[in-house]
Amino acid sequence: MSGNTAGVHNYIRANEEHYDRIASQYNDVPIAIDRSERTVKSLLELYVFDKANITLLDVASGTGLISKMLFPYVRSILGVDISQNMVDEYNKLGDTEGFPKEAFHAIRADLTADDNELARSGKKFDVVICCSAIYHFPSLEEITRILASFLKLGGALFVVAGKPVEPEVVASIFPHNVNHILAHSGGLSEERMKCLFEGAGLIGFIYKDLPAAQKVCDLEFFVAEGVKPSE
Ligand SMILES: C[S@@+](CC[C@H](N)C(=O)[O-])C[C@H]1O[C@@H](n2cnc3c(N)ncnc32)[C@H](O)[C@@H]1O
């Protein structure tokens with residue numbers, strides 16, 4: 001299902017290698033910590049979490065910076081990531097925090113592969129999030145449809161990503177070349193996100209700015225929300 005053919009840059013493999021390499025230092029990256037805090041603040045403003053009932057899927061969950069902060073508000077969280085080392089850090093974090101494994105853990109999976117473990121399980125979630133990651137996936141249309149496919153009827157998808165920006169601004173904040181892991185650079189407009197969400201069958205589209213970074217230098221980010229119709 002993924003669009004990787006011979007001779008075409010393999011973003012999935014490039015991301016796996018990159019994040020495997022940096023996983024052990026990721027929790028100390030100031031911009032990652034700061035943006036995850038601003039992300040959680042926005043999600044808590046947009047969605048009324050019901051601790052007793054909400055099951056959450058965190059796609060491209062990284063080391064669990066966001067999952068950890070959302071855990072007090074949900075019944076369970078499953079993280080999924082392409083990098084085994086990021087998944088290992090996520091599960092270590094869960095152990096350190098004393099979270100029960102059955103309610104907080106991550107697995108490694110390539111969700112764009114037809115036979116991936118999560119699709120096979122048939123599990124559906126009340127909330128699906130994909131934060132600071134959608135632009136790593138080769139096809140935005142494909143990953144948005146996949147994210148929506150894991151929602152229960154009436155469930156909500158949240159995507160956090162960068163707003164449209166000039167390449168020079170990106171280069172000023174991320175001086176190291178990240179083109180090999182970024183399948184889509186330049187940011188995503190409200191119109192583009194709306195089109196992606198509606199193409200995946202979601203309704204009630206919202207596109208809202210993430211609070212601006214105060215302590216670090218970051219690009220402008222947004223949170224997009226869409227809901228899977230109840231019937
Ligand atoms: C910038 S980090 C964001 C991590 C986390 N969502 C957060 O906000 O702290 C991007 C994450 O996307 C993951 N990723 C990249 N491509 C992926 C893919 N094809 N499938 C699953 N995860 C992927 C990386 O391994 C990495 O953990």
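1. Which residues in α6 meet which residues in α8? Leu140, Glu141 and Thr144 in α6 meet Leu196, Phe197 and Gly199 in α8, where a contact means that C-beta atoms, placed from the backbone, lie within 7 Å. By class, that contact has three nonpolar, two polar and one charged residues (nonpolar is Ala, Val, Leu, Ile, Met, Phe, Trp, Tyr, Cys and Pro; charged is Asp, Glu, Lys and Arg; polar is the others, Gly among them).

2. Before going on, a word on the model: it is predicted, with local features needing pLDDT of at least 70 and side-chain atom pairs counting only at pLDDT 80 or more, while totals for chains, interfaces and linings use all residues. Numbering starts from 1 along each chain as its sequence is written.

3. Back to the helix pair: the axes of α6 (residues 140-149) and α8 (residues 190-199) come within 8 Å and cross at roughly 50°. Helices here are DSSP runs (H or I, at least four residues), and strands are E runs of at least two. Axes are lines fitted to C-alpha atoms over the stretch in contact, with angles from 0 to 180 degrees between N-to-C directions.

4. Now the ligand: 21 residues surround it, the closest being Asn15, Tyr19, Ala60, Gly62 and Ile82 (near means a C-beta atom, placed from the backbone, within 6 Å). The shell has 12 nonpolar, seven polar and two charged residues. Helix α1 gives the most, with three residues.

5. Residues 57-159 have their end C-alpha atoms 12 Å apart, and the span is 34% helix and 29% strand.

Methods
Two residues are in contact if their C-beta atoms, placed from the backbone, lie within 7 Å.
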